[in-house]
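Let's take a walk through a protein model, one piece at a time. Have the sequence and the 3D view ready, and follow along as we go.

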Amino acid sequence: MTTAAQPSSALRILCRTTAAVALLALTPMSGVLAQVMPSKDSAPLAPRANDPAWARADALVKQMTMDEKITYLHGLFPPITKPAPADMIPSAGYVPGVPRLKIPTLRESDASLGVANQVEQRKGDVATALPSGLALASTFEPKLAYAGGAMIGAEARAKTFNVLLAGGVNLTRDPWAGRNFEYLGEDPLLAGEMVGEQIKGVQSNHIVSTIKHFALNAQETGRHVMDAQIGEADLRESDLLAFQIAIEKSNPASVMCAYNKVNGDWACQNDFLLNKVLKRDWNYPGFVMSDWGAVHSTTKAALAGLDQQSGQELDSQIFFGDDLKAAVAKGEVSQARVDDMVRRILHGVITSGLMDNPTPTTAQPIDYAAHAKVAQAVAERGSVLLKNDGNLLPLAKTAKKIVLIGAHADVGVISGGGSSQVRSVGGAPVEIPLNGGEAASFVRVTWHASSPLEAIKAAAPGAQVIYVDGKDPAAAAAAAKDADVAIVFAWHWQTEAQDAPSIVLPDNQDALIDAVAAANKHSIVVLETGGPVTMPWLDRVGAVLQAWYPGQRGGQAIARLLFGEVNPSGRLAMTFPKSADQAPRASAPGFAEQAAIDDARRAGQKVDGIKGFAVQYPEGAAVGYRWYAQEKRQPLYPFGYGLSYTAFAYKNLRVEDAAGLKVSFDVTNTGKVAGADTPQLYVTAGKRKPMVRLAGFEKVDLAPGQTKRVTLTVEPRLLADYDVAKPGWTIPAGSYPLYVGSHAGDMALTGKANLKAWSRKP
């Protein structure tokens with residue numbers, strides 16, 4: 001592994017930009033009341049008498065000096081740390097260990113979709129790039145989430161990293177949100193189950209994984225200054241439930257708090273989120289690390305539950321260094337709280353297996369060929385066939401002429417931008433710099449070197465396969481006119497640090513698709529997008545394949561899907577609206593203001609950053625398909641939707657509700673080819689706000705004519721109201737309608753559950 005002596009200019013700009021935003025974020029927000037200081041020291045929050053790792057961590061804390069403790073509570077940002085420790089490599093973070101006690105140095109990397117190396121700060125260092133998180137969620141296969149996490153963890157360990165900033169589980173509330181592609185969809189059960197397995201896979205390599213961004217980091221516009229406002233019950237039944245399911249499933253060593261405010265206070269000094277919910281209600285024993293540049297205080301943050309300041313150079317000051325020592329000396333923060341902070345970090349280091357299985361000190365060999373198969377499997381199982389009129393797909397290998405159009409499909413497939421960007425094996429054939437905005441400092445529009453053109457040529461060796469760039473719709477239409485099939489590759493790029501201006505395909509691509517479809521009735525659209533886009537041309541094309549950002553083997557996966565070597569089995573992990581105004585918010589709050597600021601700066605003007613503002617979430621817990629059902633809005637494509645080259649039927653529903661809820665039914669492949677289906681169970685529940693809720697799912701592979709019995713046992717909290725007064729979860733006794741179908745709203749089998757009263761603590 002190579003190291004760079006100096007950070008790139010892009011990274012230096014990033015540091016300055018982020019630090020400036022952090023300083024701005026310290027100013028009070030008009031019209032929003034900040035939460036008061038936590039009323040008492042938060043340590044220790046819960047006894048852990050039967051936890052050996054807690055006792056072991058406590059014994060280590062007792063042997064540490066105050067300076068050693070403080071050193072473990074604030075991490076460096078390697079691109080700008082001076083002087084740089086000898087063993088530090090350019091990456092996301094570095095926290096010096098305590099060699100005399102064999103407490104490991106923490107070497108941190110971004111890792112949502114692979115071991116990240118955003119602007120190639122480690123020259124020549126590549127990694128396996130998974131498809132986007134939405135692609136993974138659309139597999140509806142927790143085992144693939146585990147495999148992806150295990151792969152990333154293995155590569156990270158081989159590169160000497162031992163902390164991965166992975167596990168993004170923020171629910172996708174809006175179709176334009178910049179980081180939707182990183183996350184795992186709009187439903188708490190699906191997102192929680194999938195990210196829980198991913199974290200388990202990461203930590204199977206004896207390294208630490210985070211879960212992030214806690215909480216309600218639902219947009220990128222103004223992410224450093226916005227205040228997400230939502231009622232407690234709604235928050236508990238949606239975003240927090242996804243985190244809770246994932247944490248219970250995977251025991252992540254760390255939770256990363258978010259940039260934004262939640263109900264008036266910064267997420268990284270939010271007593272309600274960190275102490276009340278996470279550490280008291282959920283009895284979470286691990287540590288809370290900040291996002292990079294998300295810390296705003298010393299005493300308040302420490303008392304509110306923040307355990308470690310990350311990327312200290314990106315904050316306005318080192319809050320958890322000498323300032324924390326001074327706060328202890330003044331009695332503002334107790335020694336017991338400092339010990340609790342260190343103990344929690346050590347607990348995560350011990351339970352992840354890192355303490356007893358130290359990472360290697362030098363880079364180790366990596367089987368990239370084997371890992372590429374994991375990336376390809378996710379792309380193949382997560383791509384969603386949205387339309388297939390007249391069985392246009394799968395393509396016949398007897399085709400004589402195939403024309404591919406647009407999206408650099410001759411050389412690769414596009415990826416999402418930001419901290420999750422992987423420098424993939426094979427390189428980046430296309431990289432386009434940005435011309436302004438926060439993202440410009442550390443983001444490029446990047447393609448992975450996996451050519452759909454070459455893969456389709458290999459799949460149809462007898463055909464003439466040509467590529468047209470699509471910049472001129474008329475020229476593309478002329479090229480497509482006499483082809484057996486025309487395939488338009490359309491793209492919509494999204495990134496961390498900025499939201500999409502709209503969900504319309506950019507660069508005149510709608511006109512391109514219209515022109516091609518008019519010239520050739522056998523036109524197919526392959527969508528490489530970070531989420532939903534509008535499709536005004538939908539009625540005029542024969543087939544649509546949603547490929548998401550398909551990762552470093554995306555070209556091969558797309559070809560295999562188009563030619564039927566793989567039967568499409570992905571199901572949408574988020575709802576596709578017909579138009580932007582169908583969703584709760586048509587555009588990002590604050591977007592126009594931020595765009596004006598960016599334009600002024602491009603023109604050379606010195607202007608202040610965006611001021612703090614509140615974002616209301618009136619949909620509450622009714623995220624995604626719940627919102628569409630509640631508002632009686634018919635989307636373009638519903639959550640859970642996806643076609644196949646075969647067909648499936650459901651029958652013989654049985655509902656068992658004597659003790660909890662268990663639903664079983666038969667699934668039969670009624671077609672002529674093997675395929676996979678994902679039957680879904682939906683229950684309408686909630687007395688506070690009745691909503692349809694995904695209560696279970698299972699992906700099943702079936703041969704033609706094969707039948708399988710599927711049994712789904714329902715987690716009660718999915719059906720419960722959160723009672724703030726109680727406090728806790730409650731299901732009143734009564735009758736609850738349910739259905740089994742292929743997507744939200746598909747009532748293939750209907751029934752009801754007669755449930756007894758049920759309750760439990762938070």
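First, some ground rules. This is a predicted model, so to speak of local features we need pLDDT of at least 70, and side-chain atom pairs count only at pLDDT 80 or more, while totals for chains, interfaces and linings use all residues. Residues are numbered from 1 along each chain as its sequence is written, and side-chain values use heavy atoms, with hydrogens and water left out. Helices (H or I, at least four residues) and strands (E, at least two) are DSSP runs, numbered from the N terminus.

Now for the helices. Two packed helices are described by the angle between their axes and the distance between the axes. The axes are lines fitted to C-alpha atoms, for helices over the stretch in contact, and angles run from 0 to 180 degrees between N-to-C directions.

Start with helix H5 (residues 142–158) and helix H13 (residues 368–382): they pack at about 150°, with axes 10 Å apart. Who touches whom? Contact means heavy atoms within 4.5 Å. On the H5 side you'll find Leu144, Ala147, Gly148, Met151, Ala154 and Glu155, and they meet Tyr368, His371, Val374, Ala377, Val378 and Arg381 in H13. By class, that contact of H5 with H13 has eight nonpolar, two polar and two charged residues. Here Ala, Val, Leu, Ile, Met, Phe, Trp, Tyr, Cys and Pro count as nonpolar, Asp, Glu, Lys and Arg as charged, and the others, Gly among them, as polar.

H5 also packs with helix H6 (residues 188–203), at about 35° and with axes 6 Å apart. This crossing of H5 and H6 is right-handed. Pro142, Ala145, Tyr146, Gly149, Ala150 and Gly153 are the H5 residues in the contact, and H6 brings Met194, Glu197, Gln198, Lys200, Gly201 and Val202.

H13 has another partner too: the axes of H13 and helix H17 (residues 554–562) come within 9 Å and cross at roughly 40°, so H13 and H17 are oblique to each other. In this contact, Gln376, Ala379 and Glu380 of H13 meet Gln556, Ala557, Arg560 and Leu561 of H17.

Next, find strand E11 (residues 401–405). Is E11 covered or exposed? Mostly covered: five of its five residues are buried (under 20% relative accessible area; exposed is over 50%, partly exposed in between, with a 1.4 Å probe and protein chains only). In a regular strand the side chains alternate between the two faces of the sheet. In E11, Lys401, Val403 and Ile405 are buried on one side, and Ile402 and Leu404 on the other. Strands pair if DSSP finds at least two bridges between them. Five bridges join E11 to strand E15 (residues 464–468), running parallel, and four join E11 to strand E16 (residues 485–492), also parallel. Val403 stands opposite Ile466 in E15 and opposite Ala486 in E16.

Finally, look at an open sheet of three strands, ordered E27-E28-E31, with antiparallel pairing. E27 (721–723) and E31 (758–760) are at the edges with a single partner strand each, so one side of each has no neighbour in the sheet. Three bridges join E27 to E28 (residues 728–731), and Tyr722 stands opposite Trp729 in E28.

Definitions and conventions:
Parallel < 35°, antiparallel > 145°, perpendicular 65-115°, else oblique. Left-handed = near helix turned anticlockwise from the far one by under 90°.
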